Structure formats: C-alpha cells, structure tokens
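Here is a short report on one protein model. Keep the sequence beside you as you read.

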Amino acid sequence: TDVTEYDASIWSAGSAVVSTVADMNTFFRGLFDGTLLPQNLIDEMQVVTPSTYGLGLLLGGDACNPGSGELVFGNRGNGFGYRTFAFSSPDGQRQVSLAWTTAAPNPAADPLEQVATNALVTGLAASCPA
C-alpha cells in the first residue's frame, strides 16, 4: 500500500517525530539516566499498572532474568507503512530498537509482529551482563 500521501498528523505529535533507531536509543538512554527528567518522574513512569503501561512507558519482562520480576521499559509505534519497537533496561545500558516497513493496514495483523518480537527478545538477551 502506497502511504506517501497519508498525513501522519492524524496521531498528533506522536507521529510528527521523524527519527532513527539510534535516535530512539539516545532518547531512552537520556530518559533513564536523568538527562531528560528528574529521577522521581522516571520512578513514577516505571510503576507497573494492570495495563502494563506506566505513564507513557510499556513494561516488559527482562530477557536476562525471566520470571524474576525485572523489567525493561519502552514502547511500540506504528503508523502508515511502518512499525517500531524500542525497549531499554532501567539503567539505559541495554537497549534494542527495531523499525520496519509493513504492508498490513492493521498493526495487529502485521505478519512481521512475531518476528520483530523474537528479534527484540533475542537482542535484549544477547546484551545480558556476563
């Protein structure tokens, strides 16, 4: 599907940002190291809620210690023709960001969703401390 003429502003400011996976990693590193926000706000963002969202962050299990209750934080994004995943350890030292193009108009039907999820988990697991 050609999405060249679609206006991403339908999603407000969330889709108005153009970035790379390196930019996403820089953002999360700056978020978690206190460059962008004071620690008390970062702590609030990392509170686990039943919806698995914590004030703008999606929470996930840490691949280094499955079942331990340790978490990674990040978010998913999608728009016309693209999808992203960006997750980080709470200290910002272990990060994986993925971006891909998709032809699926419905993100839930994206045939690459499971492949991307597997790549995300593998990438985080590969960065576990020895």
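## S97 in its strand

S97 sits in strand β5, residues 95-101. Strands (E, at least two residues) and helices (H or I, at least four) are DSSP runs numbered from the N terminus. S97 is buried because its relative accessibility is 12%; buried means under 20% relative accessible area, exposed over 50%, and partly exposed in between (1.4 Å probe, protein chains only).

Contact means heavy atoms within 4.5 Å. Leaving out residues up to four places away in sequence, S97 touches V21, M24, N25, F85 and A86.

## How the model is read

This is a predicted model: local features need pLDDT of at least 70, side-chain atom pairs count only at pLDDT 80 or more, and totals for chains, interfaces and linings use all residues. Residues are numbered from 1 along each chain as its sequence is written, and side-chain values use heavy atoms, with hydrogens and water left out.

## The cores

A nonpolar core is a set of buried Ala, Val, Leu, Ile, Met, Phe, Trp, Tyr and Cys residues joined through side-chain atoms within 4.5 Å. The largest one has 10 residues, including M24, F28, L31 and A86. Two or more residues each come from α1 (21-32), α2 (39-45) and β2 (57-61). Helix α1 gives the largest share, 4 residues. A second, separate core has 9 residues, among them F85 and L120.

## N75 in its strand

N75 belongs to strand β3, residues 71-79. At 22% relative accessibility, N75 counts as partly exposed. The N75 side chain reaches the backbone oxygen of G56 at 2.8 Å.

Technical notes:
A polar contact is a pair of N or O atoms within 3.5 Å; within protein, one must be able to donate a hydrogen and the other to accept it, and residues adjacent in sequence count only if both atoms are side-chain atoms.
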